[in-house]
There are 4 protein chains.
Amino acid sequence: MDHDETIQRLKSIEGHVRGIQKMLADGKYCMDVIGQIQAVQAALSKVSTRILDGHLNSCVIEAVRGADPEARERVLDEITAVFAATNKN
Amino acid sequence: MDHDETIQRLKSIEGHVRGIQKMLADGKYCMDVIGQIQAVQAALSKVSTRILDGHLNSCVIEAVRGADPEARERVLDEITAVFAATNKN
Amino acid sequence: MDHDETIQRLKSIEGHVRGIQKMLADGKYCMDVIGQIQAVQAALSKVSTRILDGHLNSCVIEAVRGADPEARERVLDEITAVFAATNKN
Amino acid sequence: MDHDETIQRLKSIEGHVRGIQKMLADGKYCMDVIGQIQAVQAALSKVSTRILDGHLNSCVIEAVRGADPEARERVLDEITAVFAATNKN
């Protein structure tokens with residue numbers, strides 16, 4: 001997986017979070033601040049999806065094809081758990 | 001996968017949705033109605049997670065071990081897509 | 001608020017949930033079933049939003065303009081709570 | 001509203017995002033990285049909820065009590081919109 005691109009996105013998200021602090025310090029309108037927080041959350045979701053995609057196409061394939069049934073089970077349970085955690089409502 | 005149990009849960013969710021209609025018809029307090037809708041959404045998330053879990057432990061294992069690279073790619077892309085769809089914010 | 005329209009939407013959601021049970025009984029593809037569950041969740045979200053909108057434009061206005069500070073506080077806290085509950089991730 | 005406390009939380013979130021970049025650079029396990037991203041998203045949700053709470057107890061009360069029906073409508077529509085945006089599934 002191309003970690004450089006993912007790290008780059010997180011750097012940009014970090015800058016975005018810093019910008020939101022400035023919005024608050026500058027007394028910007030609350031609902032605009034919430035809008036920017038939602039934009040950061042959406043950007044983080046894209047990063048998660050990107051990492052999951054890389055994970056499925058490397059570790060998951062490896063574990064499913066491998067000889068260790070426990071490793072396979074653990075890897076698949078992790079996918080279920082991450083889906084459950086994002087899908088609470 | 002035990003579809004009977006999953007269908008049973010959906011039947012109970014169906015009854016819950018009918019109950020919410022009655023709450024509205026009876027003029028129940030709006031925020032209580034929204035609370036019940038959120039409970040239905042949470043119950044549906046659990047059903048989705050259950051189905052995904054079964055899918056990972058059957059079709060996904062099969063496709064990843066199978067000889068068809070396109071089938072494998074499609075199955076893994078579907079997992080990424082369903083994660084992205086639940087993780088929008 | 002027009003409860004008739006909201007109840008009508010919930011009736012249609014109820015039918016949708018019944019259709020998903022049939023998909024499972026007919027052995028439809030798991031990921032298509034999950035897609036339909038997500039569609040039901042999205043439809044429920046729209047119903048919640050509709051109810052909240054009606055609530056804001058009736059009870060909330062009333063409570064905020066009213067003489068009882070506790071009623072006002074309770075109504076506003078409920079809005080915060082419902083937002084927090086939908087915004088867990 | 002106590003912006004200092006909110007800004008402090010965002011500073012801590014910013015550090016968390018920086019830590020996730022380091023996790024990736026250090027080759028940490030993908031699913032652990034996703035877990036940390038979800039923790040950041042949850043922390044951002046709490047910040048949003050905090051800001052919304054402050055907004056409801058200041059601007060919203062003011063607009064609802066005020067003489068300008070358009071300002072009131074706008075403020076209430078914003079609450080509905082932010083709820084809809086967080087409640088898409």
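Modeller: In chain B, helix 2 covers residues 30-65, 36 residues in total, and spans 51 Å from its first C-alpha to its last, close to the 52 Å expected at 1.5 Å a residue. Helices here are DSSP runs (H or I, at least four residues) numbered from the N terminus, and the expected span is 1.5 Å times one less than the number of residues. The model is predicted, so that local features need pLDDT of at least 70 and side-chain atom pairs count only at pLDDT 80 or more, while totals for chains, interfaces and linings use all residues. Residues are numbered from 1 along each chain as its sequence is written, chains are lettered from A and ligands numbered from 1 in the order in which they are written, and side-chain values use heavy atoms, with hydrogens and water left out.

Helix 2 of chain B has a kink of about 40 degrees centred on Leu56(B); the bend at a residue is the angle between axes fitted to the seven residues ending there and the seven starting there. Helix 2 of chain C, residues 30-65, likewise has 36 residues and reaches 51 Å, close to the expected 52 Å. In chain C, helix 2 bends by about 40 degrees at Leu56(C).

The contact between chain C and chain D (heavy atoms within 4.5 Å) takes 25 residues from each of the two chains. About 2,500 Å² is buried between chain C and chain D, 62% of it given by carbon and sulfur atoms; buried area is the accessible area (1.4 Å probe) that two parts lose on being put together, summed over both. The number of salt bridges between chain C and chain D is zero, the rule being a side-chain nitrogen of Lys or Arg within 4 Å of a carboxyl oxygen of Asp or Glu. Five residue pairs of chain C and chain D, both members at pLDDT 80 or more, are in polar contact. That term denotes a pair of N or O atoms within 3.5 Å; within protein, one must be able to donate a hydrogen and the other to accept it, and residues adjacent in sequence count only if both atoms are side-chain atoms. On the side of chain C that touches chain D, helix 2 and helix 3 (69-86) of chain C each give two or more residues. Helix 2 of chain C gives the most, with 13 residues.

Two salt bridges cross the interface of chain A and chain D. The side chains of Glu14(A) and Arg18(D) form a salt bridge (2.8 Å, N to O). There are 11 residue pairs in polar contact between chain A and chain D, both at pLDDT 80 or more.
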